[in-house]
Amino acid sequence: MAKCRFVGRGDSQTMGLSGDIEEMQDALKVSSLYAPVASMVAMRIFFVLATLFSQKIHQLDISGAFLYGDLKQDIFIELPLGHPQRQENKKVWKTRKALYGLVQSPAIWNDTLNKFLETLGLTPLVSEVCLYVLTSRPT
């Protein structure tokens, strides 16, 4: 049995036809699509300071990260080519979770990660939102 992953095509993503102007404007805001990336300068400074003060550094990689974020708006996708119901019913799927390839996926994952790290007592730095410091122990 082969394993496969469904990937959205963000390049062909279009706005819905609900007609709600405010909803369309919210969806087009850059802040709703933006996911921060740590700058190389900030990372170098971070490593130097951690080395000087003999601090431990923890890093992690989450496989399938984009698949854990909950969507805030309804996103419908066409059935993939070769799917038996594609031609006969002209149906679409409503997604419940973010998919690889969607324009919103990086920002949704970043929001999900931020909420989790805050529950652990970590706070993002104001100057570099990709770096977190432990401000309080979780209760």
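**Exercise 1. Find which strands are included in what covers the buried residues of H4, and list those residues.**

Solution. Begin with the cover: it includes E1, strand E3 (122-124) and strand E4 (132-134). A quick word on the model: it is predicted, so local features need pLDDT of at least 70 and side-chain atom pairs count only at pLDDT 80 or more, while totals for chains, interfaces and linings use all residues. Residues are numbered from 1 along each chain as its sequence is written, and side-chain values use heavy atoms, with hydrogens and water left out.

Next, list the residues of H4 that are buried (under 20% relative accessible area, with a 1.4 Å probe and protein chains only): Ser-105, Ala-107, Ile-108, Trp-109, Asn-110, Asn-114 and Leu-117. Keep the helix geometry in mind here: an α-helix has 3.6 residues a turn, so residues three or four places apart point the same way.

Now zoom in on Ala-107, which sits in helix H4. Ala-107 counts as buried because its relative accessible area is 4%. Pro-36 lies 71 residues from Ala-107 along the chain, and their C-alpha atoms are separated by 8.2 Å.

**Exercise 2. Compare the span of H4 with its expected value, then look just past the helix.**

Solution. Count first: H4 has 15 residues. Just after the helix, Gly-121 takes a positive phi of about 90°.

**Exercise 3. Place the elements in order, and locate Tyr-100 among them.**

Solution. Helices (H or I, at least four residues) and strands (E, at least two) are DSSP runs numbered from the N terminus. The chain has 4 helices and 4 strands, in the order α-α-β-α-β-α-β-β. Tyr-100 falls in the loop between strand E2 (92-97) and helix H4 (105-119). With 23% relative accessibility, Tyr-100 is partly exposed. Phe-66, 34 residues away in sequence, is 6.2 Å from Tyr-100, C-alpha to C-alpha.

**Exercise 4. Name the members of the largest nonpolar core, and the element that gives the most to it.**

Solution. Such a core is a set of buried Ala, Val, Leu, Ile, Met, Phe, Trp, Tyr and Cys residues joined through side-chain atoms within 4.5 Å. The largest one has 7 residues: Leu-71, Ile-75, Ile-77, Ala-98, Leu-99, Leu-102 and Ile-108. Strand E1 (residues 70-78) gives the most, with 3 residues. For the whole chain of 139 residues, 19% count as buried.

Definitions and conventions
Buried < 20%, exposed > 50% of the residue type's maximum accessible area, 1.4 Å probe, protein only. Expected span 1.5 Å × (residues − 1). Contact = heavy atoms within 4.5 Å.
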